[in-house]
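Look at the sequence and the structure first, then read on.

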Amino acid sequence: MKLKDIQSKAHPTFFKEHQKKLYQSLEDKHTTIEQVDVDDPLNTGMILNMGPQHPATHGVLRLMLELRGESIVKTKLDIGYLHRGVEKIAENKTYQEFMPYTDRMDYLSPYSNNVALCTAVEKIADVEVPERAHYIRMIGSELARISSHLLWLGTLVMDAGAVSFFIWTFREREKIYDIMDNLTGHRFTVSHARIGGVANDITPEAMGLIKEFIETFPQELKDYHKLLDRNRIFYDRNENVGVLTTEDALDIGATGPVLRASGYAFDIRKFTPYARYTEVEFEVPTRLEGDNLARYYVRMEEMHESIRIIRQCLDKLPGGPVRTDNAKQAYPSKDEVYYSMEGMIHDFMMTDTGICPPEGAEAYHAVEAPKGELGYFIQSDGTGHPWRLKINAPSFANLQVLENILDGEMIADTVVIIGGVDPVMGEADK
Amino acid sequence: MDLTSTLKSSIDKLNEQFPGKIADIYQSSGDTFVRVDADTIVDISRYLKEELRFVYLSDVFGTDRYQSDDRFEVVYNLISLRDRDRLFVKVWLNEESPEVDSVTSVWKAANWFEREVYDMFGIRFRNHPDHRRIYMPEDYSYYPLRKEFPLLGIPGSIELPSTTPESE
């Protein structure tokens, strides 16, 4: 069969235009006359589309890169592939009903998100939280921070070329999943915090697992340091890559470890302390270099500090209830619901109407999530549903940073820089 | 909760510098809100950043004050790192053509935040360097966070790629 005039022989049944173009390009191969750009005689200019389906983009991030040879001239990010409109959903749910959605925002550290929502609602509705609940929340949030940083570490090192490392950090993450399973009843999407406290007390099994974890984990961290700190390949791939100066970081609105690695010690836990972070001692790890290596050191230090905080929380953990006793503000305990009429009614009222902040009230409350400042702004119209709920997502702010720091870097460093910024699309896309 | 001394002096200076442009100052749940005239937002922002050291823009977001005069509201969430203060600056915009000057010339961070407000509420930002939608595709013609937009979305409002080839 002669291979000339493929077009007349092919009868595509779907994507006709696409197939036609493909056959056309097959026909035209080697006969194409390339136009030479006078500014670019070697024809090194190229537009590269990366993602949204790319393993190194950690989800559905899409980058449009304008390349000149191997260096990136310009970058544009395209986000929104995971946009589910959670802010719109929130306006149609009671505050407690919205909790499971927050798990799915930054799905690498759901506990912090639950705490962020609860603290914001507690602020606007003026709910008192028992001491013990504060400490349990802190333990949960710090475990979530370690869990999130472990995933970041595994994928960063994997992006830099060492695949087996990912398995080792996941072994430790698995232990945190087990703790969450015992502590909250769920491994992944925990929804443990409640408005006015937490869902349940720490079980003895969970307590044992947490204690075991904080004993064994520092040794693991030491091993990670031993493997990576002086590793020539890892060091060279991260040093002086994706540099962000302090001024730029503040101007572009970097947050969390990205800002701290650029030399500004901004941490919501110190800036506007919530829960009982004033009662525990911890440092805010800060680096001056602003490159990817600095981000690595900052996050590694943060894991050390988290262990330190958990240890202090366990020492100081006071007794008492884990949820406020005011039935107008929080769910009654299950004992009350099953054995008393009032408990049942209150449980029904909380589910049906929920907590109603005063009409016209506005409140913003932020927590330090693993990725940075995670804030909830709530406007109330006096009903059980928020009139407007705005989520200030740290990944969104950090992705904007990414768009700015990629320019001028090498194409091969793109994946490492994305890894260093550590975006979670569930949160950035809302 | 009372104002911190630094925040109080910042607001006093703002009042002094822009007489008649500050429409409202109030507190709610411990947060401080200042509503200003929409036409002067860039001047006020520059003053806040350069003189009062609100160097860090944490967020910009819109709200829909449905059925009120001046329907839309844009809120700027500012942080003064020196004084450890947080201040919310608001502007109100009308329903027919909600438009306000972009503050990207003051804080670069405003770029994406304002794009998000535009995408969700249809509020336009004058002199914005990259005035595009951010979450929804460009060919989408609705603004999802406006109150009249239905929760379930509008069927057929967005073309979805076909995943099953049509049989002949």
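## Two helices side by side

α8(A) passes α13(A) in a left-handed crossing. The model is a predicted one. Two packed helices are described by the angle between their axes and the distance between the axes. Here α8, residues 204-228 of chain A, and α13, residues 292-316 of chain A, pack at an angle of about 160°, and their axes are 11 Å apart. Angles over 145 degrees count as roughly antiparallel, and α8(A) and α13(A) are therefore roughly antiparallel to each other.

Which residues of α8(A) meet α13(A)? They are A:Ile210, A:Lys211, A:Ile214, A:Phe217, A:Pro218, A:Leu221 and A:His225. On the side of α13(A), the residues are A:Met300, A:Met303, A:His304, A:Ile307, A:Ile310, A:Arg311 and A:Leu314. By class, this contact has 10 nonpolar, two polar and two charged residues.

## Where chain A touches chain B

The contact between the chains takes 32 residues from chain A and 29 residues from chain B. On the side of chain A, several helices and strands each supply at least two residues, including α5 (110-125), β6 (362-369), β8 (386-392) and α16 (394-405). The largest share, four residues, comes from β7(A). The table sorts the two contacts by class.

| α8(A) with α13(A) | 10 residues | two residues | two residues |

## Chain B

Chain B has three helices and seven strands. Read along the sequence, they follow the pattern α-β-β-α-β-β-β-β-α-β. The C-alpha atoms of chain B fill a box of roughly 75 × 30 × 30 Å along the principal axes. Chain B has 168 residues, and 38% of them count as buried. Among contacts in chain B between residues at least 6 apart in sequence, 50% join residues at least 24 apart.

## A proline in a loop

A:Pro423 lies in the loop between α17 (414-421) and α18 (425-428) of chain A. Is A:Pro423 buried or exposed? A residue is buried if 20 or more other C-beta atoms lie within 10 Å of its own. A:Pro423 has 28 C-beta neighbours inside 10 Å, so A:Pro423 counts as buried.

Leaving out residues up to four places away in sequence, A:Pro423 touches A:His58, A:Leu61, A:Ser395, A:Asn398, A:Leu399, A:Leu402 and A:Ala428. A:Pro423 and A:Lys371 are 52 residues apart in sequence, and their C-alpha atoms are 7.6 Å apart in space.

How values were computed. Residues numbered from 1 in each chain as written. Chains lettered and ligands numbered in written order. Predicted model: local features only at pLDDT ≥ 70, side-chain atom pairs only at ≥ 80, totals over all residues. Contact = placed C-beta atoms within 7 Å. Axes fitted to C-alpha atoms, helices over the stretch in contact; angles between N-to-C directions. Parallel < 35°, antiparallel > 145°, perpendicular 65-115°, else oblique. Left-handed = near helix turned anticlockwise from the far one by under 90°. Nonpolar A, V, L, I, M, F, W, Y, C, P; charged D, E, K, R; others polar. Buried ≥ 20, exposed ≤ 12 C-beta atoms within 10 Å, placed from the backbone.
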